[in-house]
Amino acid sequence: MNPCFLKPTLELFPEPLPAKVTVKIGQNQPGRVAFNSSYYPAKLYGEKARSLLPDDPCYIIGREGITLLAIAPSPIPENQKSKIE
């Protein structure tokens, strides 16, 4: 089978990393996030995840191909707030 047609593998990170939403991310609608000084496509991780709006903080918990997997924070630890803003 041609590897170009294989589904991207899911990779979960050992710990959540802070990011900021730049384009709305909905349950079935990918968006974009600012992460590590760049912008990436992102989608919600989990079936019950709530939508994220532009300027919302979020956490990146993994990736699928080049698409990052985002979750809403609950609540943001004080030592991480400055990294998101």
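Me: In this predicted model, is Asp55 buried or exposed?

Reply: Asp55 is exposed, because its relative accessible area is 57% and the cut-off for that class is over 50%. Asp55 is found in the loop between E3 and E4.

Me: How should I read the backbone angle phi, and what is the phi of Asp55?

Reply: Most residues other than glycine have a negative phi. Asp55 is not a glycine, yet has a positive phi of about 75°. Asn36, likewise not a glycine, has a positive phi of about 50°. The place of Asn36 is in the loop between E2 and E3, and Asn36 counts as exposed at 59% relative accessibility.

Me: Let us turn to the strands. In what order do they run in the barrel?

Reply: In a regular strand the side chains alternate between the two faces of the sheet. Here five strands form a closed barrel in the order E1-E2-E3-E5-E4, with mixed pairing. Neighbouring strands of this sheet are turned by 55° against each other on average, direction ignored.

Me: Which strands run antiparallel to E1, and over how many bridges?

Reply: E1 (residues 10–23) pairs with E4 (residues 57–64) in the antiparallel sense over seven bridges; Leu10 stands opposite Glu64 in E4. E1 is also joined to E2 (residues 31–35) by three bridges, again antiparallel, and Lys20 stands opposite Ala34 in E2.

Me: Do E3 and E5 run parallel or antiparallel?

Reply: E3 (residues 38–44) and E5 (residues 67–71) run parallel and are joined by three bridges. The bridge partner of Ala42 is Leu68 in E5.

Conventions
Residues are numbered from 1 along each chain as its sequence is written. This is a predicted model: local features need pLDDT of at least 70, side-chain atom pairs count only at pLDDT 80 or more; totals for chains, interfaces and linings use all residues. Side-chain values use heavy atoms; hydrogens and water are left out. Two strands pair if DSSP finds at least two bridges between them. Helices (H or I, at least four residues) and strands (E, at least two) are DSSP runs, numbered from the N terminus. Axes are lines fitted to C-alpha atoms, for helices over the stretch in contact, and angles run from 0 to 180 degrees between N-to-C directions. Buried means under 20% relative accessible area, exposed over 50%, partly exposed in between (1.4 Å probe, protein chains only).
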